[in-house]
Protein chains: 2
Amino acid sequence: MPALIFVTGNKGKFREAREILSTGGIEIANKNLPIEEKRGTLEEIAEDAAEQAYAKLKTPLFVEDSGLFIHALNGFPGEFSAWAFKKIGNRGILKLMGGEKNRRAHFKSVVAYADKNGIKLFDGVCTGAIARKVRGTGGFGYDPIFVPKGEKFTFAEREDLKTVLSHRYKSLKKLLEYLKI
Amino acid sequence: MPALIFVTGNKGKFREAREILSTGGIEIANKNLPIEEKRGTLEEIAEDAAEQAYAKLKTPLFVEDSGLFIHALNGFPGEFSAWAFKKIGNRGILKLMGGEKNRRAHFKSVVAYADKNGIKLFDGVCTGAIARKVRGTGGFGYDPIFVPKGEKFTFAEREDLKTVLSHRYKSLKKLLEYLKI
């Protein structure tokens, strides 16, 4: 069977997905396509991106969209997490959270898998809190400021935590179960 | 001649546009349509929205998209200004700008006019600075934190300044000149 394609321009995401899916014997390959990302929920964005990619590649593939939703900021940066990260970074998020006692946040991931039968969505959520400063050098994006619930370390301090607790781990595990049936 | 349609859900924008266009004898009417806003530059967003609206209404109309670009924040909130305003508001912007000496920013407006001949774009820019606190109650959105270049007051303190200096005034004046030819 040819490798399943993961359409993404994010090397960190690809690395994580390869590790998780290989535990179930699924090999993946990376392809970066120009996708016109729509505005909407993570589900809408992922579904639309998978449709665009499948129309071009016509081979089984998946895309993944995710976001960090900070409760005290009405869900900011949410669906625009990647964009906001480029603009204001973790430093900007920590400034916005300055003096804020409610540190609660969650990461959400949506995987959209496309094959000749259509599109299937799988989601995963990881709840936690925003740290008071940047901590750790592992992972990518907002990992250095996100502490998963019940833990003391950020995802960037303990990538092993991320591997088994993360939103992306959960959505990809669901994909894996689906593919193995 | 039937009134020109301004497709917007923003009453503040409609009020400003009516005032500016009436000085040239152009009457406008408001219509709010569900438009699927794409991601991209202000020009791409406005052009795409005008196309969608014209396909539905088939009568001369215009849309307007605008954003506040803060130089020290790499252009944040830019194309996502309306969304960011709902999430973090002026208070969030001021927190992000806390301790920042470079206060420079500009507002940009793009008007997309559609009729049977196609779409024409008109832009307007207003340069200025981000205030150190919220000042004034006029205008809407980021007006209470934006001081136009060479002035001491925010757009919310002096709506008369906004009327003649603003990005939207400039783009709409260009539309007006085009319509009068």
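**Where the helices meet**

Modeller: Start with who touches whom: A:Ile88, A:Gly92, A:Lys95 and A:Leu96 of H3(A) are in contact with B:Ile88, B:Gly92, B:Lys95 and B:Leu96 of H3(B). Sorted by class, the residues of this contact are four nonpolar, two polar and two charged. Keep in mind that the model is predicted.

Biologist: At what angle do the axes of H3 of chain A and H3 of chain B cross?

Modeller: Roughly 115°, and the two axes come within 8 Å. In each chain, H3 covers residues 81-96. Angles of 65 to 115 degrees count as roughly perpendicular, so H3(A) and H3(B) get that label.

Biologist: Is the crossing of H3(A) and H3(B) left-handed or right-handed?

Modeller: H3(A) goes past H3(B) in a right-handed crossing.

Biologist: Now zoom out. How many residues does the contact take from each chain?

Modeller: Interface size is often quoted as the accessible area lost when the parts come together. Here we have a residue count instead: 15 from chain A and 15 from chain B. On the side of chain A that touches chain B, six residues are nonpolar, four polar and five charged.

Biologist: And what rotation superposes chain A on chain B?

Modeller: A rotation of 180°, with 0.0 Å of shift along its axis and an RMSD of 0.0 Å. That is how a two-fold axis relates two copies. Both copies use the same surface, too: 100% of chain A's contact residues recur in chain B.

Terms used
Residues numbered from 1 in each chain as written. Chains lettered and ligands numbered in written order. Predicted model: local features only at pLDDT ≥ 70, side-chain atom pairs only at ≥ 80, totals over all residues. Axes fitted to C-alpha atoms, helices over the stretch in contact; angles between N-to-C directions. Helix = DSSP H or I, 4+ residues; strand = E, 2+ residues; numbered from the N terminus. Parallel < 35°, antiparallel > 145°, perpendicular 65-115°, else oblique. Left-handed = near helix turned anticlockwise from the far one by under 90°. Contact = placed C-beta atoms within 7 Å. Nonpolar A, V, L, I, M, F, W, Y, C, P; charged D, E, K, R; others polar. Least-squares fit on C-alpha atoms with pLDDT ≥ 70 in both.
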